[in-house]
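Please read them with the structure open.

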Amino acid sequence: MVSGSVPRLVVAAPSSGSGKTTVATGLMAAFAARGLAVSPHKVGPDYIDPGYHALATGRTGRNLDAYLCGPELLGPLFAHGARGCDIAVVEGVMGLFDGAAGEGELASTAQVAKVLRAPVVLVVDASSQSRSVAALVHGFTTWDPEVRIGGVILNKVASDRHEALLREALDSVGVPVLGVLRRAAQVETPSRHLGLVPVAERGRDARDAVAAMGAAVAAGCDLEALLRLARGAAPLPGAPWDPGTALGRAEDGGPGSGQPRPAVPGGADADAGPVRVAVAGGAAFTFSYAEHPELLAAAGAEVVVFDPLRDEALPEGTRGLVLGGGFPEVYGAELSANEGLRADVAALAARGGPLAAECAGLLYLCRELDGLPMCGVLDASARMSGRLTLGYRDAVAVSDSVLAAAGTRMRGHEFHRTVVEPGAGASPAWGVRTPARRVEGFVQDSVHASYLHTHWASEPGAARRFVERCRTS
C-alpha cells in the first residue's frame with residue numbers, strides 16, 4: 001500500500017477532557033483486534049498518550065507537531081510512521097481549533113487534519129446537555145470549511161432516553177452519529193501533575209484499561225462506518241520522511257537543516273564502525289520521540305536502551321548517552337540509590353563522552369534532586385515546586401555543543417513542575433526568545449543539558465553532530 005493512501009481518521013473534541021484519549025485509544029485497540037495494522041499518532045508534544053497508543057496497536061506511537069517540526073514535515077512524518085499499515089488513527093490535542101498561543105491555527109488539531117487531508121471524528125462530552133449538542137456540533141462543522149468533520153461520537157451518555165434526545169437534536173445538523181459511549185470507570189486512566197500516568201508505571205492496569213477502551217468502543221461505535229470514513233481520505237502528496245535522507249539534507253545545508261553541517265575534529269570517517277549510544281528508558285525516562293533513535297542509527301550509532309532504575313552500569317562500550325524526559329521526581333529515591341550507575345554516568349562525562357539531557361535528564365545530572373544525591377555532573381540543585389512551567393519555546397543555541405553550533409535556531413517545549421538552581425550555566429544551552437527572553441540550560445565540555453524538549457526531525461544535524469562527537473571522544 002502506498003503510504004499516502006493509508007486510510008486515516010483524526011479524533012478531535014471541542015475541548016480537553018471530552019474523552020479523546022479514550023476514544024482514540026479504543027479505536028486503535030478495536031481495529032487492531034480485527035486484525036488490522038493500525039498506525040498510532042498524537043498531535044502535539046505529548047509523550048504519555050503515545051504509550052497507551054503503542055499498547056493498543058503494538059506499534060510505536062508517533063507525534064505530529066507543527067510547531068516543533070514545521071507544517072511541511074507533518075505529511076512526511078505521518079507517512080513514515082504509517083507505512084504499510086491498514087489504517088491510521090490520529091489523536092488530537094486540546095480543542096479542535098486550539099494551537100500554539102498567539103500563533104493562529106499553528107499546531108492545532110485542525111491544522112494537522114487539513115495537512116493530512118483527513119476526516120475528523122468529533123468526540124463530544126454529552127454529560128450535561130441534550131438539544132444544545134446540535135448548536136455545538138453545528139458551530140464546529142461550519143467554523144472552518146476546510147476541516148471535514150465526518151461524524152460525531154457522543155461520550156458519557158447517561159441513558160437510552162438521553163441518547164434518543166441527543167440523536168434527535170443532531171438529525172438537524174446532518175452530521176452522522178458514529179458512536180455512543182456510556183460513562184465507564186474501567187476505561188478511565190489515572191492522572192497526576194503532568195497528565196496521565198505513563199504506561200510504563202502501570203503495567204497490567206494499563207493493559208486492562210486499554211482492553212476496556214477497545215471493548216467499549218467496539219460495542220458502542222460503528223466500526224464499519226468509521227472504516228469507510230477513513231478510506232475516504234485523499235492521497236497525500238510527497239514522499240515519506242526518511243532519517244537517512246534527512247541527514248543528507250542536513251549535511252548539505254538544505255531545507256530543514258538549520259545550517260550547514262559543522263566541522264568536527266576527526267570527522268565522521270574517523271571510525272568506520274557504529275558507535276554505541278545508550279538511551280535511558282524504563283519507568284523514570286519515558287519521554288522521547290520515535291524519530292530520535294532512528295536518526296541516531298542513520299548517523300552511525302548502535303542505539304542501546306537501558307533502565308536507570310535497574311541497570312547498575314551503562315551498557316558496555318557506551319560512547320555517548322541520551323537522557324530524555326520523564327518523572328525522576330517520582331523515582332528520586334531509586335535513582336539515587338543506584339550509586340554504581342550514577343558514578344558511571346559521571347565518569348562518562350568526565351572523560352568527554354557526549355551527554356544530551358532533556359528535562360528529567362537535566363535533573364538526573366544535577367548534584368541533587370529534592371535533597372537526594374544525583375549524578376553530580378552539573379553544579380546545580382533541583383527540586384519540586386508548586387508551579388507548572390508549560391509551553392512552546394522559540395530558542396537559539398547560545399554555545400557550541402554536542403547537539404548544535406551556536407546560532408542554530410530550534411523550537412522546543414517545556415513541561416515540568418521542578419526548578420533547577422541556577423537555571424543556566426556559565427555557557428548556557430539556549431537563549432529562549434518566547435514568551436520572555438532568557439538564557440537556559442548548561443553546555444559543559446561534552447554535556448548538553450536543558451529543560452527544553454526538542455524534536456530532532458526539525459534539525460537532523462543534531463543527531464549527526466552527536467554521533468560524530470561520540471566517534472572522536
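1. Start with V277, which stands opposite G320 in β12. This is a predicted model. The strands involved are β10 (residues 275–280) and β12 (residues 318–323), which pair in the parallel sense. Four bridges link β10 and β12.

2. Both strands belong to an open sheet of six, ordered β11-β10-β12-β13-β21-β20. Its pairing is mixed. The edges are β11 (301–306) and β20 (442–444). Each has a single partner strand, so one side of each lacks a neighbour in the sheet. From one strand to the next, the twist averages 15 degrees.

3. Two helices deserve a look here. Helix α14 (residues 339–350) packs on the sheet and touches β11, β12, β13 (355–358) and β21 (447–450). Its direction makes about 110 degrees with that of β12. Helix α16 (residues 461–472) lies across β10, β11, β12 and β13. Relative to β12, α16 runs at about 145 degrees.

4. Now turn to β2 (residues 38–43). Why is β2 largely enclosed by the rest of the structure? Six of its six residues are buried, that is, under 20% relative accessible area. In a regular strand, side chains alternate between the two faces of the sheet. In β2, V38, P40 and K42 point one way, while S39, H41 and V43 point the other way, and all are buried.

5. What pairs with β2? Strand β4 (residues 87–91) runs parallel to β2 and is joined to it by five bridges. There, V38 has I87 as its bridge partner. Strand β3 (residues 62–64) also pairs with β2 in the parallel sense, over three bridges. K42 has N63 of β3 as its bridge partner.

6. β2, helix α2 (residues 49–57) and β3 form a right-handed β-α-β unit.

Definitions and conventions
Residues numbered from 1 in each chain as written. Predicted model: local features only at pLDDT ≥ 70, side-chain atom pairs only at ≥ 80, totals over all residues. Heavy atoms only, no water. Buried < 20%, exposed > 50% of the residue type's maximum accessible area, 1.4 Å probe, protein only. Pairing = 2+ DSSP bridges. Right-handed = clockwise from strand over helix to strand, strands pointing away. Axes fitted to C-alpha atoms, helices over the stretch in contact; angles between N-to-C directions. Contact = heavy atoms within 4.5 Å.
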